[in-house]
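Please look over the model shown below before reading on. The briefing that follows is arranged by topic.

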Amino acid sequence: MTVKDYSKLKLVIWDLDDAFWEGTISEGEITPIAKNVKLVKDLARRGIVSSICSKNDMDVVETKLKELNLSEYFVFKSVNWTSKGPRVKQLLEDIHLRAANVLFIDDNKLNLNEVEHYSPDIKVSLPDEINELYSVVDKIGKDDSELSRLNNYHVLEEKRDASREAVSNEEFLYSCEIKVEIHKDIENQFARVHELINRTNQLNFTKLRINENELRDLMANGNYELGYVTATDRFGDYGVVGFYALNLAKHKLEHFLFSCRTIGMGVENYLYHYLDDPELIVEEPVAYKIDMKDASKWINSSEQTYSEYTEMSSVSNTNKVLIKGSCELEWAVDLLKTDVPFVDELGHVNPDTSADITSFNHSVNMYDAFNLSEDQKRQFQQEVPMWDDELIDSAMLHDKFDIIFLSGFLDQWEGVYERIDTGEKIALGVDKRDLTNLDILKKTLNKLENKNNEYYIQEQRQKMLQFSAKYKFIGDLPAKEAAKNFKYIISKIPKETKVVIFLPSGYQRGNTSKMKNEGKVRGDYNLMVKEALADYDNVSFLDFTKFTKNDSDFLETQDHFSKEVYYEVAQEMQKIISDSSKTEVNLISKQDFEKSSFRNMYSKLNSLGLMKLVMRAKSIVKK
């Protein structure tokens, strides 16, 4: 077994079941492991904090931790049923620590491998591999008997939670009431300043390390201005968080560094501009670059400054737009240019897991997002291969919008599955292949093998058998059911929000009965949805039938269109947004429009006349 170096350890992330404690809490009682409980407390007294990444129910875990008087010893707890790799990676970003300073403990080697995959520099161990840590805990970190570092991370966690509720990060920063003071009496905080110079990495812009004698020489040198920075906000007092040494003759910063607890506050920008933008040669890497234009106006802001900001932001945030759809809308959205704040939820692939998130715009999944309980959603997490929480989530659930664009296109493409015992439905996959068929599911997973996600793939293979046994493939969603879904979705959206639904083209193209039937099916679908929503005054439709007059308006499928069609659709969207928001939306110029190309690969090939050659080549290969 390789001996690990714990000398720079700052955080330990624990799995719970059969790791931190004995037993599985979801199956019954657990037994605390005394030496682990002691270790967590001893680490905290050495300034090393602990967190949790566990597959469990948060309420159950939190109740047990409080019963054991341990809850306050853990920060940034991550307790749910999703994969641990992405969660640990996010946890490190939230807590502002480098993976190299973190240890993850889990009894499952698959979880250890997955976490290493997402955070390559992290230390990982099985529970029986940390005996050395028990013995060296008094020799690592530094004395923190008052648990100040643990308390600081609780403050950081509180700030993170508050920031998620704010409309924007800037609004949150103004609301923090951040106060920064610059002090010149270095001797008064000599030990802390020296510690910052030699231990700070993420926000140390010059990375020059000096010993105590060199620091005293610098203090005595009249050619330099030295200062340390203290910071407070409505969450707490952060003490000494920064230091600078400015060469007065050259107007150049030789030391410019800040504690990681200031990450995201903008203190470095504030100080840089306060010092009149001196020369700064940055030694990479740093967590944030200096914003040469942004002076972090929220720091030391007066009530007048904040009121000016809130007045300005209330105007800019009044007319927010949400656009939901897939590749059929990408190009129309690209053509829009607007100052109106808008969020797009277009189909995409999770870069970490290769999970296809296209389905979150299917009417079944939008229905699920509003209708399912947390237990039902968690059931999907545990049972559905290639799962991603985004599949049944949307900004509609968390924010208010003046205009929401929804799409009926995905209902034409995605297959629907039903849970046999309880009846919940979920849409997955864009080509209506039956993923309860193990052979098809294995082929789908194999396509992801070359994406360097082997640990994710292994986890999905564990889900395949239960998915095949517990779900049945329905296939096409009947138009009548889609109409009911949209009616329910609209009922959950505030009446003052304007809803525009994109409907597929009912034009019957081509010279085969199959192609013409695609148009007929979509035309019937459109009619059913329009009838179901006829009584809603806040709902209107953008029916692509209006924009398709002949076969040349289509590309390789019934649901991909020529550039000219997308341009017309974008113009309609522009008019809707402009009329509703009283704000001009500048459409891309005709000249730029002609130069631009499709984002979707198949549409790009078809527009160049190459798609038929590709399809023919695929046919030859199959033969």
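W387 counts as buried because its relative accessibility is 9%, where buried means under 20% relative accessible area, exposed over 50% and partly exposed in between, with a 1.4 Å probe and protein chains only. This is a predicted model, in which local features need pLDDT of at least 70 and side-chain atom pairs count only at pLDDT 80 or more, while totals for chains, interfaces and linings use all residues. Residues are numbered from 1 along each chain as its sequence is written, and side-chain values use heavy atoms, with hydrogens and water left out.

- W387 lies in the loop between helix 14 (374–383) and strand 14 (403–407); helices (H or I, at least four residues) and strands (E, at least two) are DSSP runs, numbered from the N terminus.
- S83 is 304 residues away from W387 in sequence, and their C-alpha atoms are 9.5 Å apart in space.

- An open sheet with parallel pairing is formed by five strands in the order 13-12-14-18-19, two strands being paired if DSSP finds at least two bridges between them.
- Strand 13 (342–346) and strand 19 (539–543) stand at the edges with a single partner strand each, so one side of each is left without a neighbour in the sheet.
- Strand 14 pairs with strand 18 (residues 498–503) in the parallel sense over five bridges, and F405 stands opposite V500 in strand 18.

**Helix 1**
- In helix 1 (residues 34–45), the buried residues are N36, V37, L39, V40, D42, L43 and A44.
- Helix 1 is followed by G47, whose phi is positive, near 80 degrees.

Methods:
The expected span of a helix is 1.5 Å times one less than its number of residues.
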